[in-house]
Amino acid sequence: EATRIEEHNSFTFSNNVIYYTQGNMYGKQWDQVHAIVDKNCYWNPSKPVSFNGKTMEEWRNAHKKDLKSIIADPKFYDISKCDFRMKNKAALKKIGFVPFDYTKAGVYGDTDWLKLAEFDPAYASRYDELVNAYEKGAER
């Protein structure tokens, strides 16, 4: 979620595969946020991909984002079994996606280091509250 409009580049969002079946592609202010957004592969199996109500071309022309992104089915092996390996190698090549071994991702090391990375559910709950309030137009 991009919730704060800043003068500088807030983040880079590139070389990703975005697969979704509900909700909006981008949040409320993605058309205003200063970010590099490009070389992504978007797919929604149940409806046409939309960028806050715009087609990809309209989004590109209006915001100069996703200029080298594509809309393509990544052809996951078996989503129902959480097998997210992708068969559509041509799409991956177009966006520069480099498959990685997810079993090697994450935090590892000594006990003190692992403790620093523990997830606090209270933070997630508070974040959800703030986003919901923001999306409803409530004062922050």
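Predicted model: local features only at pLDDT ≥ 70, side-chain atom pairs only at ≥ 80, totals over all residues.
Residues are numbered from 1 along each chain as its sequence is written, and side-chain values use heavy atoms, with hydrogens and water left out. Local features need pLDDT of at least 70 and side-chain atom pairs count only at pLDDT 80 or more, whereas totals for chains, interfaces and linings use all residues.

Four salt bridges are found in a search of the whole structure, a salt bridge being a side-chain nitrogen of Lys or Arg within 4 Å of a carboxyl oxygen of Asp or Glu. One of them joins R60 and E57, with an N to O distance of 2.7 Å. Both residues lie in helix 1, three residues apart, about one turn of the helix; helices (H or I, at least four residues) and strands (E, at least two) are DSSP runs numbered from the N terminus. R60 is buried at 13% relative accessible area, while E57 is partly exposed at 44%. Here buried means under 20% relative accessible area, exposed over 50%, and partly exposed in between (1.4 Å probe, protein chains only). Helix 1 spans residues 56-63 and includes M56, which is buried at 9% relative accessibility.

In helix 4 (residues 121-135), E129 and R126 are three residues apart, about one helical turn. Their salt bridge has closest N and O atoms 3.4 Å apart. E129 is partly exposed at 43%, as is R126 at 46%. A further salt bridge links K115 and E118, with the closest N and O atoms 4.0 Å apart; K115 and E118 are both exposed.

The structure holds zero disulfides, a disulfide being a pair of cysteine sulfur atoms within 2.5 Å. The cysteine sulfur closest to that of C41 is in C82, 19 Å away, which is too far for a bond. C41 is buried at 1% relative accessibility, whereas C82 is exposed at 57%.

The largest pocket holds about 400 Å³ of space. A pocket is an open set of points on a 1 Å grid over the protein atoms alone, where a 1.4 Å probe fits, with protein on both sides within 12 Å along at least five of seven lines; lining residues have an atom within 4 Å of a point. Of its 15 lining residues, F84, R85, M86, F100 and Y102 are the closest to the centre. Strand 7 (83-86) and helix 2 (89-95) are the elements that give two or more residues to the lining, and strand 7 gives the most, with four.

V107, W113, L114 and L116 make a nonpolar surface patch of about 430 Å². Such a patch joins nonpolar side chains (Val, Leu, Ile, Met, Phe, Trp, Tyr) within 5 Å, from residues with over 30% relative accessible area and no salt bridge. W113 is found in helix 3 (residues 111-116).

Methods
Patch = residues over 30% accessible without salt bridge, like charges linked within 9 Å, V, L, I, M, F, W, Y side chains within 5 Å. Areas by Shrake-Rupley, 256 points an atom, 1.4 Å probe, with all protein chains shown as cover. Points joined across faces, edges and corners; volume = space filled by probe spheres on them.
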